[in-house]
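I opened the model to look up how its parts pack together. My entries follow in the order I made them.

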Amino acid sequence: MLVGRTLAAAVIAGAAASAYGQSVQYRSPAGVEYRSQADTGPIARAESALAADPRNVERIIQLGIAQSGARQFREAIETFTRGLTIAPNNALLYRWRGHRYLSLRDFDRATDDLTRGVRLDSTLYGLWYHLGIVRFAKGDFAGAADAFARGQPNAPDAAERTGSTDWLWMSLMRAGRTADAQALLASRPDSVATTNAYARRLKLYRGEVGPDDMFTPADTADVQVATLSYGVGNWYLVKGDTARARTWFERSIKSGGWPGFGFIISEVELRRLR
């Protein structure tokens, strides 16, 4: 019962911490601090449920997801780590902790978790998808393409399939596999309609819209702006227009949507362009 009491105490401590100010989650290379958001209820409910059954891995995952929803990524990592002390071979815990390490730009720990996760369960879409993002960030574009291709058949819905198609296209292009990238677009694996930012980016790649058509007046959310901006920037980059690419990567950063993959990779791209 000692472990159970320890976990319960950690849940209570987490509840107390979440009642206070927003914690610094990430400090950019430029020195900008990005903070978590206040809990609006989901974290408190998840903490209460877990306190009643502290060894319940599903409830641990639910708490970590709730913390992630409030951009409390460091706290979520602690939560998923607690889960791994109970279930060290749970692939879903590695999927979520790896994702959160990615959010904090700890690419090496993210790689370790996601790689271990796919060894445990190679059918879990989220492991391959996020491993693809990490490999892309590290400049391993061939490895990223392999990860997205492996995950795509198990995409849980149209939105995720569209996202993996987008990243697979970008990975293939950056790996110099232009013919494969064009064949991917022609095969339309994202044929089920969705309205997310990735669907709009794919229209740009297919020549169905231009870069000036990517944004609508409704696109004000920080992560949405970061996502769309990065897609346009990468599109210019693969065309060899580094000046315009840089402008769009900078726009992605200015969005403030720091947890978004577009923001994360824009930071990486700007370093590469120095």
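Entry 1. I looked up where helix 7 and helix 14 meet: Y129, H130, I133, F136 and A137 in helix 7 are in contact with F261, I265, V268, E269 and R272 in helix 14. Contact means heavy atoms within 4.5 Å. Helices (H or I, at least four residues) are DSSP runs, numbered from the N terminus. This is a predicted model, in which local features need pLDDT of at least 70, side-chain atom pairs count only at pLDDT 80 or more, and totals for chains, interfaces and linings use all residues. Residues are numbered from 1 along each chain as its sequence is written, and side-chain values use heavy atoms, with hydrogens and water left out.

Entry 2. I noted the geometry of this pair. The axes of helix 7 and helix 14 come within 10 Å and cross at roughly 20° (axes are lines fitted to C-alpha atoms, for helices over the stretch in contact, and angles run from 0 to 180 degrees between N-to-C directions). Helix 7 is therefore roughly parallel to helix 14, a term for angles under 35 degrees.

Entry 3. Which residues have the most contacts inside the largest nonpolar core? I found W167 and W169, in a core of 61 residues. Such a core is a set of buried Ala, Val, Leu, Ile, Met, Phe, Trp, Tyr and Cys residues joined through side-chain atoms within 4.5 Å. Buried means under 20% relative accessible area, exposed over 50%, partly exposed in between (1.4 Å probe, protein chains only). Helix 7 (residues 125–137) gives this core its largest share, nine residues. Leaving out residues up to four places away in sequence, W167 touches Y129, I133, F136, F148, Y198, R201, Y230, F261 and I265. I also found a second, separate core of 17 residues, with V57, L84, Y94 and W96 among them.

Entry 4. I turned to helix 11 (residues 197–205), where eight of the nine residues are buried. Among them are Y198 and R201. The cover over its buried residues includes helix 7, helix 9 (158–174), helix 10 (178–187), helix 12 (222–238) and helix 14 (261–272). At the N-terminal end, N196 caps helix 11, with a side-chain oxygen 3.2 Å from the backbone nitrogen of Y198. After helix 11 comes G207, with a positive phi near 80°.

Methods: Helices (H or I, at least four residues) and strands (E, at least two) are DSSP runs, numbered from the N terminus. A polar contact is a pair of N or O atoms within 3.5 Å; within protein, one must be able to donate a hydrogen and the other to accept it, and residues adjacent in sequence count only if both atoms are side-chain atoms. Angles under 35 degrees count as roughly parallel, over 145 as roughly antiparallel, 65 to 115 as roughly perpendicular and the rest as oblique.
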